[in-house]
Amino acid sequence: MKPDPARRVATGPAAPRQVWADTVARLAEAIAALPPGAGAATPLRLARDQLEALLRSTEALESRYRSLLDAVPEAVTVHDRHGRILEANRTAESVYGYPLEQLRSLRIQDLNPTLPDAYMDEVFRTFQVGRTETVETTNRHGDGHYFPIEVHSRMFLDGDDMRIIAVVRDVTARQQAERELHASERRYRELFDAVDKGILVQEPSGRVLSANAAAERMLGMDEASLRAERLDVSDWRFVDERGQPLKPAALPPLRAASEGRAIESTVIGISSPLLGGHSWFSVTAVPQFRDGESTPFEVITLFSDITALKLESVLFDEVQSLASIGGWHYDFLRKRMYGSPELHRLLELPRGQELDREAVYAVFVPGDRDRLRNAMDSARLRSEPFDLELRVVTASGQRRWLRVIGQPQSPRGTADSVIGTAQDITSRKRQEEQLRRQALTDPLTGLSNRDALMRALALALDEAPPGAGPALLYVDLDRFKVINDLLGHAAGDGLLVAAAQRLRTCVGANTLLARFGGDEFMAMIAPCADESVAREMAMRVTRAFAEPFPHSGEEFSITASVGIAHYPQDGATIQQLINHADAAMFDAKRRGRNNWQAFSPALARTLTDRLLIETQLRRALDNQEFHLCYQPQVDLRSGRVTAAEALLRWRNRVLGPMAPDLFITHAENTGDIVRIGAWVIREACRQLRSWRDAGLAVPRVAVNVSYRQFLSDNLPEVVSGALQEFGLAGSCLELEMTERVLVEDVPDTLAIFKAIKQLGVSLVIDDFGEGYSALNYLRQLPFDGLKISHHFMQGIPATPSDTAICEAIIRIAQSLGMVVIAEGVELETQRQFLLRQGTTQAQGFLFSRPVAADEIAEFVRMHGCAG
């Protein structure tokens, strides 16, 4: 009799008990069936009695086993190799919301649906008997809600089978308590930082344990620096209220720790490089004790910055001792003003007389006079201090700059007076003006520099009258870089100086001319009511540069391209105006150089489109807006698939579907193509692995590679990484590139090609014949094949020139041992032409349009793959 499979998964004492109960019942039936006095009845009764005794013992064991299991306060479940629940306690019923019998019908994936089907295989492979594993995860209750748990699992031997016992603790309450604790700590920290007094929590040694935001601000250090193991205060100086030096041990926190008592309201002065000067603080330090201990375990130090209060008490006396600074005091209530002798001298006011406030105001120039009046009003009404740099004209006509500082005195909450100083800063202002002129001048050409232009442009935009805003001419010297590289930088600088002089003659003395950078210049016409003025100036510039520049007995021709933009129609801001003048200048270069172009709505649309595309393109990869389509390459003889070319597609959330020929160029210009291209290589390899795992033997996948990817130096690593990640041989990948790659940097390109070839990857020139067609590179570089452009295939066989070109390309490739792949095959006559020429591989609408990956799979199932 075969064992019941259902009984083989049981565990615990209940497993044999049912078998024994069935056996006792069958023995009783057998004894009853014997004839009276039969000799076999006695041994059968004896066996029955022994089995009944064993059954009672088993039932007692099962009761103890169940009682022990149910006594565990956590949920306990026992699982077999398949994750099935063999046994569970009463706590498990309440935790999971299932009755015991229903629990015994569930698998571990029913409690945690996130676990994979093979989870238990991995558990039994890695677990060791007798070792407990603990994890935190979530389980699903019978009512469908999820709750966090902590699981302690242990493997044990049950007869001949291995089991897993799992003890589960619902940690919902614990996590809630942790969140509440974190919230309490956050609220404490927020309160700690909200206090406007500086607070330091320190060890008895003085080491900082914690600091609030006010302490950071007052001490000029962040909390991490203050808490450093060895806070370096060697450059700090400490003094007492009388200015006498203090040693660190005499500071309030260390005194509180050593004396075991609070040190209250002690005034100390601190000088440190971080504070940038001398600051005064009122400090209170309070030691903290644990219950039953007499030695403090930490000190809480509170302090306030009283620098302003300290200075106010000594400022007037110190001012009197300074020979070159005048002191003054004005009483708002008595309307009386006092000035030191030095103040009388600076203002050239009669000495020995009480100052008249209006007489003082009269010395200041009108605009600065108003600023001083307003500052005094703010000091009186709002107790606001001020620090102003003002101009005065004395009675003798002497002009001076004064730095006037005022500090309101507010003993009763409102300012009743102002105490201050007035310092002669004329010499400093003259030096600043000289430095300012130097800072706004280009040292090479003597023209205004970029900063000067930006300031003048900002002022011109602010003051522009209606219909007469400034015009901007953006001038760029054509071919200057070539001549600079040829003659050297010294000669290039000389040519820039000569060009600047020629430009100055063209624009006139009343037009701001600036060197914007390198070989770029800007001319600003402000105001410019007539657009013809800017056009005529641009024509003068281009005509002036028709004359060659002499240098060392030679003459060099340097022309100029000019772009014009007017405010406000061509730009409402400084940057827009510059950008649009720049765009017009590049349009002039595009039209052949040595000419001028004005900004136009068409250029505006081009710029806007480019900016929008580039902005969206920068986020497209992170937003998962790219996907790949695939077009099969087929054997023209059999129709079987030889490869699938991956074609990039972009569906933007704002712009919608974007044509590749539109966004690829922008991606190359911005450099985003490097990251996008790496994604394409990886995604194509992933898809090939997916096809092969599905039983589709697609030989390889072809990916287009931009020249910018070759310039990035990491292309071999990208290719190698993708192949390794998906377990593909190098022969599974084909990289296609246009002929532009061949002319960028041949030595570096050759090194990259060799690195890629060492991986076994095929290299194919795409659209051969459309670009440079540098046949010498075909001999030098390790290409495996050429692709005939679809532009040539369109004319076959009707156009003799296209036919001749295709035949020539095929013969060149065949003579070099290269594979030829034809693109854009749409007609049967084109297929026949290629077969006659010995070309056996092609792709195009005759076979399939670019389609999604699953449609390629159907195509392969229908047509098969080439061997």
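Strands here are DSSP runs of E with at least two residues, while helices are runs of H or I with at least four residues, and both are numbered from the N terminus. Strand 4 covers residues 146-158 and pairs with strand 5 in the antiparallel sense over 10 bridges. To count as a pair, two strands need at least two bridges found by DSSP. Look for Arg154, whose bridge partner in strand 5 is Ile165.

Strand 5 (residues 161-170) is also joined to strand 1 (residues 75-79) by five bridges, and these two run antiparallel. Here Val76 stands opposite Val167 of strand 5.

## What you are looking at

This is a predicted model, where local features need pLDDT of at least 70 and side-chain atom pairs count only at pLDDT 80 or more, while totals for chains, interfaces and linings use all residues. Residues are numbered from 1 along each chain as its sequence is written, and side-chain values use heavy atoms, with hydrogens and water left out.

## Another hairpin

Strand 18 and strand 19 form a hairpin with two residues between them, and Gly518 in the turn has a positive phi of about 60°. Strand 18 (residues 512-517) and strand 19 (residues 520-525) are antiparallel, paired over five bridges. Arg515 stands opposite Phe521 of strand 19.

Now for an open sheet of five strands, in the order 13-12-16-15-14, with antiparallel pairing. Strand 13 (336-339) and strand 14 (386-393) sit at the edges with a single partner strand each, so one side of each has no neighbour in the sheet. On average, neighbouring strands of this sheet are turned by 25° against each other, direction ignored.

Within the sheet, strand 12 (residues 325-331) pairs with strand 16 (residues 417-424) in the antiparallel sense over seven bridges. Ile325 stands opposite Gln423 in strand 16.

## Strand 22, covered on both faces

Is strand 22 buried or exposed? Seven of the seven residues of this strand (residues 560-566) are buried, so the strand is largely enclosed by the rest of the structure. Buried means under 20% relative accessible area, with exposed at over 50% and partly exposed in between, using a 1.4 Å probe and protein chains only. Ala560, Val562, Ile564 and His566 are on one side, with Ser561, Gly563 and Ala565 on the other.

Strand 22 pairs with strand 17 (residues 471-477) in the antiparallel sense over seven bridges, and with strand 23 (residues 596-598) in parallel, through three bridges. Ile564 stands opposite Leu473 of strand 17 and also opposite Ala598 in strand 23.

## The cavity

A search of the whole structure finds one cavity of 30 Å³ or more. A cavity is a set of points on a 1 Å grid over the protein atoms alone where a 1.4 Å probe fits but cannot get out, and its lining residues have an atom within 4 Å of a point. The largest cavity holds about 140 Å³ of space. Its lining has 13 residues, with Trp328, Met337, Val360, Leu372 and Val404 nearest the centre.

Which helix gives the most to this lining? Helix 14 does, with three residues. The lining divides into 12 nonpolar residues, no polar and one charged. Nonpolar covers Ala, Val, Leu, Ile, Met, Phe, Trp, Tyr, Cys and Pro, charged covers Asp, Glu, Lys and Arg, and the others, Gly among them, are polar.

Key. 1 Å grid on protein atoms, 1.4 Å probe; cavity = no way out; pocket = protein on both sides within 12 Å on 5 of 7 lines; lining within 4 Å. Points joined across faces, edges and corners; volume = space filled by probe spheres on them. Axes fitted to C-alpha atoms, helices over the stretch in contact; angles between N-to-C directions.
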